[in-house]
Amino acid sequence: MIFRKGEFFNGPGGLALGAKMVRVVDKNGVEYRVEHEWANDIDESACRTFIHNICPDRPKSVINKDVRELDIETLGEIDAFTFGFPCNDYSIVGEKKGLEGNYGPLYTYGVKVLRKFQPKWFVAENVSGLQSANEGQAFNMIMRDLMESGYKITPHLYKFQDYGIPQTRHRIIIVGIRDDINKEFRVPAPTHGEGRLPYKTAKQALTEPPITADAPNNEFTRHTSKVIEFLNHIPAGQNAWFKEIPEHLRLNVKGAKMSQIYRRLHPDHPSYTVTGSGGGGTHMYHWSEPRALTNRERARIQTFPDDYVFLGGKEKVRQQIGMAVPPEGARIIIEAILKTFAGIEYDSIEAKWNANEFVFEPELELISV
Ligand SMILES: C[S@@+](CC[C@H](N)C(=O)[O-])C[C@H]1O[C@@H](n2cnc3c(N)ncnc32)[C@H](O)[C@@H]1O
């Protein structure tokens, strides 16, 4: 069974690569896999990266435009849909707009696709902060909209380090299966940490195997001698606020001291979360060499293979890598979906949320800001 997949907010293709890697065969020898059908993203360089790696033979299937201006009537039929909607686009106001309005919050464009195409399953992704945005009302409303589109949903907070990803990245991922399909998705059980396999470490990610000199996207950042001296005073796992940094080198920061600033990786632990933006001190730092990571090293922590080429300028590539779903994490979740369809058992755990928890609050609606 082939699931033709549409995708919104495709980014560089973390979710898409995970989907592409899955192949499940049931007891009758029937193969289950996912095939790219179309995708959309506003970012030109992310679209080029996606085409280059995911669908080089079908460049026109990736539509580079604002999703709010995309005519979904022009899109082809699909059986599966994925959307890692941007996380900063909702606020609550006391009036009813939303799905019917011209410009709703970005997740509503994904909901429109679900309502029009009724794919057999979907995967939606967002940051863990979604659960508390607007005192939980945004999460509540999004879950309700997804269910009202005709889906049984399984929302869960995935801690990717528990699945062998060398990074403490926590993301809410919602799997939906169409109401009329008599299958129930279960969250795949963690495999690493706490009495299971050991966590995959940052050092393993960057050195096993070593990154070759000709690897793409592996340019080093040039640092001033002051930054190098500063980093030399920060031990592995510590950050810019380490108390033994000499007085004359200390950063002059008033107010909140973000723990990720000039934070060096610890070689024996999973990396902290790879992010895609931020100024000085936010580029992630090697545990023993006084330098920022290269984009290729960040891509390794995100589990992209070395032959996955990111297109665009260095900062654009950094942004693409930081915003992606780790392909290996996506692979694990999508493999569980295909096993669910194929009737193949796998170890599972209870989801963090039960769909019955999401209640209807008619007086509230989300709009984009
Ligand atoms: C979190 S990233 C998605 C990453 C992707 N799921 C992956 O695994 O690689 C969100 C994406 O939404 C895109 N985006 C933001 N606003 C958009 C809009 N109005 N229309 C279309 N795409 C948009 C961004 O360019 C970005 O690539």
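Predicted model: local features only at pLDDT ≥ 70, side-chain atom pairs only at ≥ 80, totals over all residues.
Let me start with one residue. Leaving out residues up to four places away in sequence, C87 is in contact with N126, V127, G129 and L130.

As for its position, C87 lies in the loop between β5 and β6, where β6 is residues 91-93.

Next, the ligand. The shell around the ligand holds 22 residues, and the closest are F9, G11, G14, G84 and A324. Two elements that each give at least two residues to that shell are α1, residues 14-21, and β3, residues 31-41. Sorted by class, the shell has 11 nonpolar, 6 polar and 5 charged residues.

Now the core. The largest nonpolar core has 88 residues, and the members that touch the most others are I333 and I334. Which helix gives the most to this core? That is α9, residues 327-342, with 7 residues. Taking I334 and ignoring neighbours within four places in sequence, its contacts are G18, A19, V22, V34 and V123.

On to helix α3, residues 107-117. Its buried residues are Y107, T108, Y109, G110, V111, V113 and L114. The buried residues of α3 are covered by elements including β1 (2-8), β5 (80-83), β7 (121-127), α4 (137-148) and β8 (151-159). After α3 comes Q118, and the phi of Q118 is positive, near 45°.

Last, the chain as a whole. The protein chain has 9 helices and 12 strands. Its radius of gyration is 21 Å, close to the 21 Å from the globule rule for 369 residues, so the chain is as compact as a globular protein of that length. Along the principal axes, the C-alpha atoms fill a box of roughly 65 × 55 × 45 Å. Of the 369 residues, 44% count as buried. If we take contacts between residues at least 6 apart in sequence, 74% of them join residues at least 24 apart.

Conventions
Residues numbered from 1 in each chain as written. Buried ≥ 20, exposed ≤ 12 C-beta atoms within 10 Å, placed from the backbone. Helix = DSSP H or I, 4+ residues; strand = E, 2+ residues; numbered from the N terminus. Contact = placed C-beta atoms within 7 Å. Rg over C-alpha atoms; globule rule 2.2 N^0.38 Å. Near = placed C-beta within 6 Å. Nonpolar A, V, L, I, M, F, W, Y, C, P; charged D, E, K, R; others polar. Core = buried A, V, L, I, M, F, W, Y, C linked by C-beta atoms within 7 Å.
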